[in-house]
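Please keep the sequence and the three-dimensional view at hand while reading.

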Amino acid sequence: MAVVTRPAGDAVGLDEQEMLISGSEAVAEALTLADIDVVTAYPIRPYDTVMQAIAKKIANGKLVAEYIVAEGEHSQFEIVKHASTVGARVFCGSSGVGWMYAMEAITVTPALRVPMVALVGNRALDDPGAFGVEHNDALSVRDLGWLLVWIDTAQEALDTTLIAYRVAEDRRVFLPIAISADGAFLTHSQTITRVPPPERVHRFLPAYNRGDLLLHPDNPITVAPQVNEDWVIEIRRQNDEAIKRAYTVIEEVYADFRHTFGRGPENPWFEEYMTEDAEIILMGMGTLSLPVKVAIRNLRQQGKKVGLIRLRWFRPFPYEQLARALRQAKAIGVIDRDYSFGSPFGSGVVANEVRAALYNAEHRPPLIGFICGLGGREVTLEDVNKAVDICYAAASAGRAERATYWLGVRE
Amino acid sequence: MAHLTVEVVYRGIFQKNLAARITRGIVLSSRKAGRWGIAFGRYGDSPQRNGIPAKDFAIVADTKEELEQHMARYEPKELHVTICVDDTLCKGVESWAWYGLQPINRLLLPGGHLLVTSTRSPSELLRDIHRKETPYHLWILPGKASFSGLWVFKEDHTEARALGALAKIAPEFLDVDAVCAAVQEAEWGSGLKAESARKAYERVDARRIQVSEGNDEVPFSFEKPKWWEMREGLTIPAIPVGKPVEGGKGYRPERNPYFKKFTTRTMRPVVNFDTCVKCTLCWIQCPDSCFDVTPEGLYDANMESCCGCGVCEAVCPVKDCITMVNEAAFDDNQSQWEMWRQDKDAYQVWSTEKIRDKVTTERSHGFRYRGQYEEELAVGELGLGGTPVADGIPGENIKRKGRHASVHTDQSTSIVTGVAEAPGA
C-alpha cells in the first residue's frame, strides 16, 4: 500500500495522505486508525481481502491487536462478541454463506448490546457456486437489530468504518453494525483514497467505554441469563428503542465527522445525485451507483430529467427522509441487487421497503422494482436506460403496468 | 479530456502479484501528473487457480468524472494496451466466465498496443496471435514468463520493465521519469528497479501488425442458454461415458464441449511412449481426465482437455517418460500417440527436440534458494531473464529424477520441498 507522494489539493485535510487502496484495504486502514483490539478471521472471498490486509498491518507493526484465526465463521463471531463484552474494540467479517454459517452468533449479538463492527463483502449465496455480489447475505439479518450500511467507494469504506465504531459504541445505541461492500467492484478495486492522521481520528473516535455493561471482576455481572415469557418482549422493546435512537446518533456522528475531517456527506442516509429537478428517481445500494450515474449524465444530455438516490443506511431505514426526497418524483425505479422470492409484487427487498415508506405519504408516485445484477453480473448502461424508459411510461400513465421487472437476464 | 485503459493478461496465482503490481504502477505513475486512476481485478472461480488465464485492469483519466465514465462497466471492453505476461497466452484466453476463446488482441482499439514478455520473435508470436480486423502494434519485452506463487513474488524486475515499456507506448500518460519515480517509491521498489524500467523504456520496440497477419483460426464460441431453457435444480447433464477405441482395446472419455481448458496451459506433457510401463498413474491422477487409453494400453494426453497442471509428470515413476514442456513450443493440439504410431523414429526426434529446447521449455516459479536471483542476473542479461532454472512447479521433481543439469551442482535437500538444492540455502 504505497503512499502517493503528492499533497492533498485543498486546505482542509492537508494533513491527510493519499493512498492507492482497495475498499478492503481502506477498511483495514480505518481499523488501524481505530486501534482495534481483537479481530477474528476465517477466509472466504471477497471478505478475505480485509483479513489479509489486517494481518499485513499487524505483521508490519502498524497495528497491535489480537488476530485470532477461528475454525469457522460461527466461532469467529462468537469470539468477538465475548471480547467486546470485556471491553475490547473488535472487528469481524465474512461473505455470503460464511456469514450465514455464523447466523446463530450473529442473531444473539444485538440482544447482548455488543457494539461490534463487521464487514460483509457481499457475495451470492451458494449454491450455485458463485463469487459475485448479491445483497441477500447482509439483508438476511435486517430484522434482528443489526445496523446495516452500504458503501460505494474505498473512501466511503474508510470513513464509514470510523463512523460505524462511533455510532455503535454510543451508549444510546450499543448495537452491532454490518458494513456491506460489493464483492469485486469495491473489495478488489484500488482507487486513490485519503487517509487521515491518527490524531484527528482520536479526536473523532473516543475509546470504547462499556460502562456498567463491562464484564469484569470489578463489575460483577452475568450476561445472557436464561429468560422466558416474563422477560423477552421487554428485552426486544429495549432493542427497538436503541435502534430508534440511532436515527439521532447517526445524524450527530456525521455532523461531527464533517466538522473533524472537513469532508463527508451532509445527508448520512442516502446520496442524492441530480435529484433536484428529477422526474424519474432511480434508487439502489452500493456500487451500482456508478453505471447509474453515468447513464444519468448521458440521459440528461437528451433532456431526460433523471436522478439517483443511493441508499447508504438500510437499518435503521430512513423512511421519513426518503418520503420527503421522493415527493417530487413522477415515477420511482428501485434497482435491487437482491431477491425476495414470494414477496409482495415479487419485488426485491429494497423496493418493498420503499413502498412501505411511501404508504403514508401524500404523494405516492408509481414505483417499479427492478431486479438486476445478481451474482455479480454487470448492471449495464443499457439496463439503466431500459429501467428509465419503463419509469417514464409509468409516469405518463400515472401507474405502473407491472410492479417488477428482471433486467439483464437471458430470456 | 483523455484516458488510458490497460489490461494485464496473466496466469492465475503464478502471476497474480505481478499483474497487480503492474496495474498499481500505472495508476501511481500517472498520479504524478495529477491524473485519477483505478487498478482492479475481476475474479470468477477460475482466475485465481493455478495457471488459469486471468486479467487485471488499470484505467487512468484526466478527471474523476471521466474516470467514472470508463469505470462504469464490469470490465473494460475497449483497450488501448494489452500487456501479456506469459506468451503462451497469445494462443487465446478462455474460461473468463465461459464465453469461448478470446484472442489476446480482441479488445484492442484500432491502432492499439499489445505488449508481450517473450523470448520469441514477432513472427513466431504471430503464429499464435489471431488475426485482427484492424491494425495494431506488437511490442516485445524480452524475457521469460515471470512465475511465482500465491504469497510470494519473483523479484525479477518484470513489473518495472513492463511499466518502463508502457512509458514508451503511452508517453502522454506515463512519463518515463514519473514511472521511474513511482517504481522507486513503491513498497516493492528500488533504484535498481527504476533503472530496469528506464532500460526497458529505451530498448523496447514495436512492429505494426497488418490485418493480414496472424493466426487465421476462427476462435470457438458458445451461445449461453436462456433462463427457461436451463434445467431446474442446479442440474446439468453429465458428460457421457466415453467410447471404446479400435474394438475396445482403447478408450476415449467424452469431454466437456463448452470448456476446452487448453488455453489454461503454460506447459504441456510430452510423453515417451517407448519407456512407458503402463502403470496407469498419470491416467488415474490427471484431475482433468485428459488421458486417452490407446489400444496398446498406453496413455495419450489429449491436448483438447489438458490444462497443463503437471501432475502426470509428478506421479510418473519412470525417468524421462513424461516431461512438461513450454506450451509456446507447439503449434497445434495433435495427438502425440498418433505421431508416435505413424513414425516412431520421427516422433523420437520431434520429442527430443521439444524437450531439449531450453529457452522455451523452462518455467521458474519463484526462487528456491538464497542467491538464485543474483546468479540469474550474473549469468544472463537482465533483459532475458538470466539463467534457465529447471526446478519449479510443475516439474518440481525434475532433479529427483536426475535429468536436466542444474545451475548448481553440489546439492543438498531442502527440508521444505524435499527437492535438492544448493548448499547454504
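Between the two domains of chain A, 26 residues of domain 1 are in contact with 19 residues of domain 2, where contact means that the C-beta atoms of two residues, placed from the backbone, lie within 7 Å. Domain 1 covers 3–261 and domain 2 covers 270–406; such bounds come from an automatic or database domain assignment. On the side of domain 1 of chain A that touches domain 2, helix H6 (136–139), strand S7 (147–150), strand S8 (177–182) and helix H9 (232–261) each supply at least two residues. Helices (H or I, at least four residues) and strands (E, at least two) are DSSP runs, numbered from the N terminus. By class, this side of domain 1 of chain A has 17 nonpolar, 5 polar and 4 charged residues. Here Ala, Val, Leu, Ile, Met, Phe, Trp, Tyr, Cys and Pro count as nonpolar, Asp, Glu, Lys and Arg as charged, and the others, Gly among them, as polar.

The model is predicted: local features need pLDDT of at least 70, side-chain atom pairs count only at pLDDT 80 or more, and totals for chains, interfaces and linings use all residues. Residues are numbered from 1 along each chain as its sequence is written, while chains are lettered from A and ligands numbered from 1 in the order in which they are written.

Chain A also meets chain B. This contact takes 25 residues from chain A and 28 residues from chain B. Strand S9 (189–195) and helix H10 (289–301) of chain A each supply at least two residues of the side that touches chain B. S9 of chain A is joined by 3 bridges to strand S2 (residues 36–41) of chain B, and the two run antiparallel; strands pair if DSSP finds at least two bridges between them. Within this pairing, A:Thr191 stands opposite B:Ile38.

What lies in the interior? In soluble globular proteins, nonpolar side chains tend to be buried together. Buried residues, those with 20 or more other C-beta atoms within 10 Å of their own, make up 50% of the 411 residues in chain A. A nonpolar core is a set of buried Ala, Val, Leu, Ile, Met, Phe, Trp, Tyr and Cys residues joined through C-beta atoms within 7 Å. The largest such core has 191 residues, and among those touching the most other members are A:Val167 and B:Leu115. Helix H7 (residues 154–168) of chain A gives the largest share of this core, 9 residues.

Note on methods. A residue is buried if 20 or more other C-beta atoms lie within 10 Å of its own, exposed if 12 or fewer, and partly exposed in between; C-beta atoms are placed from the backbone.
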